[in-house]
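Here are my notes for your first read of this model. Keep the structure open and check each point as you go.

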Amino acid sequence: FFFNLAACGFVVVALSGRFLFPSVSVEGRSFWLILQAPITLERFLVGKWLGGVVPVVIVGQLLIWASNLLVLQNAAYAVIASGLILVLTLGVGAMAVGLGAVYPQFHNPNAAKIASSFGAVIYMILGMFLVLFTLAATFRTTLYLGSAFEGDPVTAIQPYNYVTTIVGLVAPALASYLFIKLGASSLRKRL
């Protein structure tokens, strides 16, 4: 189950790296027009994130549901996996847009080259760490809920397991906020 989640999370990181990371850079030489628009750079980056994350969410959800059906996972694990992949997709998507703004390549018209740049490698490593951290933090609670749904005898989880689960679920949201802010401040410094 957790290998399936990690593999799906890594696919979402790769998709976001290919399609969301270069989204700021593909504006190219016309980026100065965006700077003249009556919106903040944070709103611009959030717009890039929300505009590009929907297809990644759809692919991530299709992938996790199909793989759960293939391995005959119980309903509780399937719903938990779907929720975790949704949270992770939103988090790594914002991370991709934010780091794409930290490492822009406005002179490079090829999005595929931008997605294989130094900044993209940094994003991929951080995105995979975020996936692994979230899965590790939610591990015990996920096992408890899945086993309880199946009717297996389970031992009660400790209060610290709830705390780690909350931390694991808040980490992608916090990463989203921080990387969008970091990307906006980096673009501001380039002005």
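1. Start with R188. R188 is partly exposed, because its relative accessible area is 39%; the class runs between the buried limit, under 20%, and the exposed limit, over 50% (1.4 Å probe, protein chains only). Salt bridges with shared partners put R188 in one network with E42 and K181. A salt bridge here means a side-chain nitrogen of Lys or Arg within 4 Å of a carboxyl oxygen of Asp or Glu.

2. Know what you are looking at. This is a predicted model, where local features need pLDDT of at least 70, side-chain atom pairs count only at pLDDT 80 or more, and totals for chains, interfaces and linings use all residues. Residues are numbered from 1 along each chain as its sequence is written, and side-chain values use heavy atoms, with hydrogens and water left out.

3. Look at the two bonds of E42. E42 forms a salt bridge with R188, and their closest N and O atoms are 2.8 Å apart. This pair links distant parts of the chain: E42 sits in helix α3 and R188 in helix α8, 146 residues apart. Helices are DSSP runs of H or I with at least four residues, numbered from the N terminus. E42 also forms a salt bridge with K181, with 3.8 Å between the closest N and O atoms. K181 lies in helix α8 (residues 159–189) and E42 in helix α3, so this pair ties together parts that are 139 residues apart in sequence.

4. E42 counts as buried because its relative accessibility is 18%. K181 is partly exposed, with a relative accessible area of 35%. Why can such side chains pair at all? Side chains of opposite charge can do so when their charged atoms come close.

5. How many salt bridges does the structure hold? The count is 3. One of them joins the side chains of K48 and E27, at 2.4 Å from N to O. This pair also links distant parts of the chain: K48 is in helix α3 (residues 41–70), and E27 is in the loop between α1 (2–19) and α2 (31–36), 21 residues apart. K48 counts as buried, at 19% relative accessibility. E27 counts as partly exposed, at 23%.

6. Move to T165. T165 is found in helix α8. Is T165 buried or exposed? T165 counts as buried because its relative accessibility is 11%. The side chain of T165 makes a polar contact with the side chain of T141, at 2.5 Å. A polar contact is a pair of N or O atoms within 3.5 Å; within protein, one must be able to donate a hydrogen and the other to accept it, and residues adjacent in sequence count only if both atoms are side-chain atoms. Not counting residues up to four places away in sequence, T165 touches A137, T138 and T141. Contact means heavy atoms within 4.5 Å.

7. Follow T141 into its helix. T141 is buried in α7, as are T142, G146 and S147. What covers the buried residues of α7 includes α1, α4 (75–102) and α8. Just after α7, G151 takes a positive phi of about 85°.

8. Check T89 next. T89 has its place in helix α4. T89 is buried, with a relative accessible area of 1%. Its side chain reaches the backbone oxygen of I85 at 2.6 Å. Leaving aside neighbours within four places in sequence, T89 is in contact with V12, V53, V56 and V57.

9. L72 lies in the loop between α3 and α4. Phi of L72 is near 55°, a positive value in a residue other than glycine. Most residues other than glycine have a negative phi. L72 is exposed, because its relative accessible area is 75%.

10. Finish with L132. L132 has its place in helix α6 (residues 118–137). At 42% relative accessibility, L132 counts as partly exposed.

Notes
Helices (H or I, at least four residues) and strands (E, at least two) are DSSP runs, numbered from the N terminus.
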